[in-house]
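Notes below, in the order I checked things.

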Amino acid sequence: MYLRKEEIKLVHLEITSKCNLLCPQCARTSRGRLNPELPIADLQWGPSLDEMFSESFSRQLDGVYFCGNFGDPAAASTLPVFVENLLSRGVSHIAVYSNGSLKSPEWWYELGESLKGRGRLIFSVDGLSDTNHIYRVNSSWPRIEANMKAAIASGVDTRWEYIVFAHNEHQVQQAENLAREMGFREFNLKATSRFYRSLLGQTVDRRDLQAPQKEELKSASLLSLEEIKSKFGSFERYAKQTPIRCKTKHIQRSVYIDFVGDLWPCCWLGAPAYFHEDEIQKRELASLVQGYDSGFNSLLQHSFDEILNHRFFVEDLERSWKCSASDRMFTCGRTCGSEFEFTSFPGYGNNRLVRFSCE
């Protein structure tokens, strides 16, 4: 079984598919424009979520975090309602991830005040005034800077997350110094593995984005690709054969809810439903879903308990992780396989988290 209700310690909420940016490596973007297969929606707080986040369940959680495959939480009209409801039910910690280029300083100050001592605001800013917009397309540096300052002034814990590319690697130390001067509590340098497909010779539209050139700023996983190809013959074979230790089952003990109310084990498995590209993750997820009743994992149609007791969560998912399983999903092997680290969340290998002293 994936997880029993009483075992869950973390809930990942993506409550909107809305965003003001068109980042080239984001699945909401296709060839510089909005992904035409992406529905634009805000998740509403309804009966199923009200039942799911009972006081007893809310109090057992280590936290809830708002972060998007496709949308920015600050773009959601429903974010304040979710935050208020979750805090009132006893959720001990709430984290909100954002590009910081939305809303006003007053809005960020108020959000920070509501989460002070009970949460963290994480700003995903990949460069400085002359470089952040290269990846964070359509972002506004003056607005980001004002919003970050307002959030910090509220007294809430704050973190600056910085994805390293070739175009911003020369500014890493400058950005870390600025984060310290501004009053951020943390600075997280992310050595992304996003370039694995292009390094394998696959055609990917990335608008000339390149991985950093400095060895110490590269993802160690990308450096292991040739060894993986030599050992398994191809990266796809690796994903189908590598031993899997699921991060969200064994480490985070979490579930993910997307902007239409579908519940998945993780954001990596749920995201391909809306990919525009015709690729293996999208095809395999479509094949999986065809084998179940429509809406089998929808919180708009079923209760939280009913979904967790569906055979996908009880039997099929974990069985598929076996090396001999014919229906193993590429996403699972790539993300949670034993020889390649795809993620750059704190606690995994592709990041360098710096905590500043509170002097």
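Ground rules: I'm working on a predicted model, where local features need pLDDT of at least 70 and side-chain atom pairs count only at pLDDT 80 or more, while totals for chains, interfaces and linings use all residues. Residues are numbered from 1 along each chain as its sequence is written, and side-chain values use heavy atoms, with hydrogens and water left out.

Entry, terms. On a 1 Å grid over the protein atoms alone, a cavity is a set of points where a 1.4 Å probe fits but cannot get out; a pocket is an open set with protein on both sides within 12 Å along at least five of seven lines; lining residues have an atom within 4 Å of a point. Points join across faces, edges and corners, and a volume is the space filled by probe spheres set on them.

I looked up the second largest pocket and got about 470 Å³. I found 19 residues lining the second largest pocket, with Leu10, Tyr65, Tyr97, Arg159 and Pro346 nearest its centre. β4 (63–66), β5 (94–98), β6 (119–124) and β11 (351–355) each give two or more residues to this lining, and β4 has the largest share, 3 residues. (Strands are DSSP runs of E, at least two residues, and helices are runs of H or I, at least four, numbered from the N terminus.)

Entry, cavities. I searched the whole structure and got 4 cavities of 30 Å³ or more. The largest cavity comes to about 100 Å³. Its 13 lining residues include Cys246, Cys266, Trp321, Cys332 and Cys336, which lie nearest the centre. α17 gives the most to that lining, 4 residues.
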